Amino acid sequence: MTSTEHAPPTTSPAGNPIGFGRMLRKEDARFLRGQGHYLDDLVLPGMLHAAILRSPVAHARITSIDTTEAEAHPKVKAVITGATLESLNLAWMPTLSADVQAVLATDKVRFQGQEVAMVIAEDKYSARDALELIDVDYDVLPAVVDAHKALDPDAPVIRDDVEGRTDNHIFDWESGDAARTDEVFDKADVVVEQKMLYPRVHPAPMETCGSIASMDRVTGKLTVWSTTQAPHAHRTVYALVAGIPEHNIQIISPDIGGGFGNKVGIYPGYVLAVVGSIVTGKPVKWVEDRSENLMSTSFARDYHMHGGIAATRDGKILGLRVDVLADHGAFNGTAQPTKFPAGFFHIFTGSYDLEAAHCKVTGVYTNKAPGGVAYACSFRITEAVYLVERMVDVLADELGIDPAELRMKNLLRPEQFPYTSMTGWEYDSGDYPRALQLALEMAGYDELRREQREKRERGELMGIGVSFFTEGVGAGPRKHMDILGLGMADGCELRVHPTGKAQLRLSVQTQGQGHETTFAQIVSQELGLPPEDIDVIHGDTDNTPFGLGTYGSRSTPVSGAAAAVVAQRIRDKARVITAAALECSPDDLEWEQGRWFVKGDRTQGKTIQEVAMLSHGTLELPEGVEGHLDASVVYDPPNLTYPFGAYICVVDVDPGTGQVDVRRFVAVDDCGPRVNPMIVEGQVHGGLADGVGMALMQLIAFDEEGNCLGSSFMDYLLPTALECPKWETGETVTPSPHHPLGLKGIGESATVGSPAAVVNAVIDALEPFGVRHADMPLTPANVWMAMQGRPMRTDLAVR
Amino acid sequence: MQITITVNGAEVTRDVEPRLLLVHFIRDHLGLTGTHWGCDTSQCGTCVLWLDGQPVKSCTVLAAMADGHEVRTVEDLEVDGRLDPVQQGFMEEHGLQCGFCTPGMMMTTRWLLDHDPDPDEATIREAISGQLCRCTGYENIVRAVRWAAEHPAVDQPEQEVEA
Ligand code: FES
Ligand code: FES
């Protein structure tokens, strides 16, 4: 770790490292004792409970809603319908992609599970009982379920709420140079095409989404406790939607039981809890059940891709192109920077040195839940990496070249960094061949290939899959990236109290990533304070500075930089104060961990704790220096950071059943220096499990009528300890040149990089059957069908 | 209806609806919110607690069915300010991230180690396979269980050792 060179490693009185290093997590103390405070654990005096009635059908006109019986239920306090909201001008709310979404349906329902009415009752059982008493008449309409048919001229128009709309088209977007790419393809020895689907999946954190709203009728203050990864952005949206002055809104994000992007958006239930509290004058709690979570909150992916790759006969990749049909569901509710309707998908050239590339993405409405960017995807880099890594394998198959060798031949070389990609990304730093080489060594690649040859002779199906990914995380800069006009920069405040104990206030919000520990370590690294003396405060808009929140792996690259900069400001101030105390010039002082001392005389100096007391005391401070030891910063990242990695997956496939067993998984990640290697490794493990899950089992599919076929954990399968192998992790360290501590994000790397490795491994195992591609999830049935030469379409159950 | 359940060693008597789930009784009526709820179909295991010494999914048990029986929850793992080795193991090996699955995982683990003090990796994975974790990829949970298996001594309160 480059940044620790100036100081010898030391440990704190509590035995923690000063600065970077393995440190047990501060937040564990409460979680281990069952003393976390998750949303549903919170109880307010007089609190009422809300439940939401949802549409049983995917597309229908609502002809009538009768709530009389529900209202007569003795424990019911209020029933709210679209008509109630219309009268308050709250029936529709803005989405994070400048579309609108119905809070409660007024005219039509547009996906199964859409919100139709809300009941508020004294307890949660009664609220659910009363849902049964609401009578809704639906005039069922044909549903648009197949994204490929959404643009047919005779397709039903889903969004007829918008004046003059006559089709289901949302946007066309492209990147790269089409003409140049055509030229490259025309002259190439080899061109291979492959259609592939990255199916719809759901992040499914173990804690579902929920909210408690409390409107104080006297002060007009609205307090909302909510499962949100982005409390400040939510506050602004509530202000815009409900017209409540923003200074009268406090959003508190308590402990979050996993987010993965599911808790970025604002859901109708959140807004309804607010309305419920305004209507009843009481705090109102709404917590969705698992089916509601899977059917109505942000899904992810649903990218139908048609890729093409061009190369020379000896395996130099020349060009890449892709046409994407993006299924955005019934409302365009993707959470991504405004300028990028397809997120960061146009980073799809991945880790390779190409001559030309071009992508075109068409977004369409369908009768499915809205969302699109959720689930640890780094704004669709996961789709991009999957595309390029599958295409490289398809090319390897065509050329008869080993897929690891083909990658090694085409990876960007270290001397090419900073590298500007064909679609305009500026990769900050990387040493790709080193990471791939390490992964190959860890896996014992040559030995694995030997084993595979032997097994094939015996008719056994073993597959080895390689993927290499480049991530781009830490959005903004603010001038290029915003959500609903809010620039992606994050504030941070640090106060060092008189006795040298500190509080750090962050705009980002942990969902399990361990911010309370990592950010204390970042400040510790810069100030030399023991990490146990630094309290990290987050998730409360009244007590933290503004910022866009935690998603897209942006906490360490953005807020981690903010924490470093704010600590450096304190350090600089401490220098001036030390100089005043010692009656010398600041230039005469030198820093060592936690202390300024006079150059050449280590005995003359002040620790940061001593400076803290001096700064609050009576010492006469130099002209222009304020008392106290506080600082704040707004960090606007100059660029994304670009973590990368090389993954190798080994599978065995049962030739009789098509069952895939992931035997080994080697993951080499480079995210720059690691603040807390234990936490970083944990982030990687979780993402690898996601990759195995998506590749093999997770799927939100629909039938012809638009019924969601993944609406419970009986149907939406998540990996357990049995499907996951023992992860084998490795690292290389290439610091980011622009992050103050060289750090890059890590939260989503493994989710982005691993699905392709698993799929590549399974397809490799099926080579004896001549299988070149099959779509995720590679369930036993799907694998078996692929072996028969009839790969299935996985997103639809069509009779 | 009136039910009496021994929860973490103390008897509690309450009037409840016959349909009340044990998980809701524990969380909402007793305020023991360490036991979580995460699904509608008995798949996730965030609600695991002990009923008469056996781990059960408390979303699948009616409170009324626990009448006259003994329940133990995560809040009972720590004794006299000393963490159970299972708790210590989860901390040492980073077996938790968001912490939502953790109480259920720890209750299963405690039961496993009581019955098989030295389980191998396959046994551990099998034991927790009815429970989901979305954060850890399970590897560190396995390591946490092994840590607890290897450090049982921390668990022995001195009185017990003497007795
Ligand atoms: S709540 Fe999911 S198994 Fe009990
Ligand atoms: S630690 Fe988050 S679900 Fe297990």
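**View 1. Burial in chain A of the predicted model.** Of the 799 residues in chain A, 66% are buried (under 20% relative accessible area with a 1.4 Å probe, protein chains only). The model is predicted, with local features needing pLDDT of at least 70 and side-chain atom pairs pLDDT 80 or more, while totals for chains, interfaces and linings use all residues. Residues are numbered from 1 along each chain as its sequence is written, and chains are lettered from A in the order in which they are written.

**View 2. Overall build of chain A.** Chain A has 18 helices and 36 strands (DSSP runs: H or I of at least four residues, E of at least two, numbered from the N terminus). Its C-alpha atoms fill a box of roughly 85 × 75 × 50 Å along the principal axes. Among contacts (heavy atoms within 4.5 Å) in chain A with a separation of 6 or more, 79% join residues 24 or more positions apart.

**View 3. The largest pocket.** A pocket is an open set of points on a 1 Å grid where a 1.4 Å probe fits, with protein on both sides within 12 Å along at least five of seven lines; lining residues have an atom within 4 Å of a point. The lining counts 37 residues, with His49(A), Lys124(A), Tyr125(A), His24(B) and Asp28(B) nearest the centre. Two or more lining residues come from each of β1 (48-54), α4 (124-131) and β14 (284-287) of chain A, and from α1 (22-29) of chain B. The largest share, 5 residues, belongs to α4(A).

Technical notes: Side-chain values use heavy atoms; hydrogens and water are left out. Buried means under 20% relative accessible area, exposed over 50%, partly exposed in between (1.4 Å probe, protein chains only).
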